[in-house]
Amino acid sequence: MTPQTSVFCSIVPPHLLEHLAHSSNPAVAAAARRTLVADAAARTFRVLPLPGAAPTLAPGDAGKPHRTVHDCARGTDLPGTKVRGEGEEAVADATVNRAYAGLGATFDLFLNAYGHDSIDGSGLPLIASVHYDENYGNAFWNGEQMVFGDGDDEIFLDFTLPVDVIGHELAHGFTQYTANLEYFSQSGALNESVSDVFGSLVKQYALDQSADQADWLIGEGLFHPNVEGTALRSMKAPGTAYDDDVLGKDPQPGHMDDYVRTGRDNGGVHINSGIPNHAFYLVATELGGKAWERAGQIWYDVMTGGTLAPETRFDEFAAATVAAARARYGDGEEIQAVLKAWTAVGVPTD
């Protein structure tokens, strides 16, 4: 599938940054405003197909990661200076090494669990840039690479700290090269949810956790210790990830009865993603064991099956998961878990 020509998908939603921009703490407000300005500029970045831009892998290179990490040195010119390439020794900068390891952890999940070679299935090189801008409070995928800020050390810490943030952003690339879900309204919320799903699976795979051992949090460890919150989002209990005087309260719903209709955040893509997020959590915990094995396989089959339209809505995605579960596992406990989960979040499957 041809990828989108312009992509900007960030881990921190704009509504949260807008809230912080009105903080009474001048340092928090200034960092949030700076991040919003940088994000607005990054959204204008155009990913254009260039002659010879597709990776050419040497014989024997298939099934191996091709990672490059760059340092923006607190500037905004991408990709920055190359500081670590594939197979090179660790450097003194822990942020660089975490980015390198996170790219590898994401590559390992897709290859080992699903036989998917990199995020495009064809060995796409994985590129990351760290130390982006001054006090930049976000991380994003721009259609061809990952970008990480250092945070403001008031609300956000270094964005390479949670491996699921790295997995989340690279999974936007996976979506770009598979179902290509439009980044607006329900299809955009599905786009965000798929990134949370596979971001969480990257973390669980790296830690060899079962579904009941996982915390099902997205971005745990990203907040400064003074923040009253555990993570950006909770797949287990949407709406409970944070409740802080400065940050505000997590607005995610976990059921269609509470679906948020808004013109902000591309129609609430970071908010309403809580609904399909919770459905996946319910499937994974109902089936038990390692979540990437059956629940993750069903979601992967849906994303790569060629049946989703760019504007796919929740009920259409839910129906696709039912079809995928039946196609792979028959009429057993897998399909029953899928049906039960979507019913629990108020999304019809027929």
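This is a predicted model: local features need pLDDT of at least 70, side-chain atom pairs count only at pLDDT 80 or more; totals for chains, interfaces and linings use all residues.
At its start, a side-chain oxygen of Asp93 comes to within 2.9 Å of the backbone nitrogen of Thr95. After H3 comes Gly115, with a positive phi near 65°.

I turn now to the sheet. It is open and mixed in its pairing, with six strands in the order E1-E5-E6-E4-E2-E3. Strand E1, residues 9-10, and strand E3, residues 81-85, are the edges; each has a single partner strand, and therefore one side of each has no neighbour in the sheet. H3 packs on this sheet, where it touches E2 (67-71), E3, E4 and E6, and its direction makes about 150° with that of E2.

Within the sheet, strand E4, residues 126-130, runs parallel to strand E6, residues 146-148, and two bridges join them. Ala128 stands opposite Met146 of E6.

A further helix, H4, covers residues 163-177 and lies across E1, E4, E5 (139-141) and E6. H4 runs at about 20° to E5.

Finally, an unreviewed UniProt entry lists residues 179-347 as "domain: Peptidase M4 C-terminal". Over residues 179-347 the chain is 47% helix and 5% strand, and the end C-alpha atoms are 20 Å apart. Thank you.

How values were computed
Residues are numbered from 1 along each chain as its sequence is written. Side-chain values use heavy atoms; hydrogens and water are left out. UniProt positions are given in the numbering used here, feature names are shortened, and annotations may be inferred rather than shown by experiment. Helices (H or I, at least four residues) and strands (E, at least two) are DSSP runs, numbered from the N terminus. A polar contact is a pair of N or O atoms within 3.5 Å; within protein, one must be able to donate a hydrogen and the other to accept it, and residues adjacent in sequence count only if both atoms are side-chain atoms. Two strands pair if DSSP finds at least two bridges between them. Contact means heavy atoms within 4.5 Å. Axes are lines fitted to C-alpha atoms, for helices over the stretch in contact, and angles run from 0 to 180 degrees between N-to-C directions.
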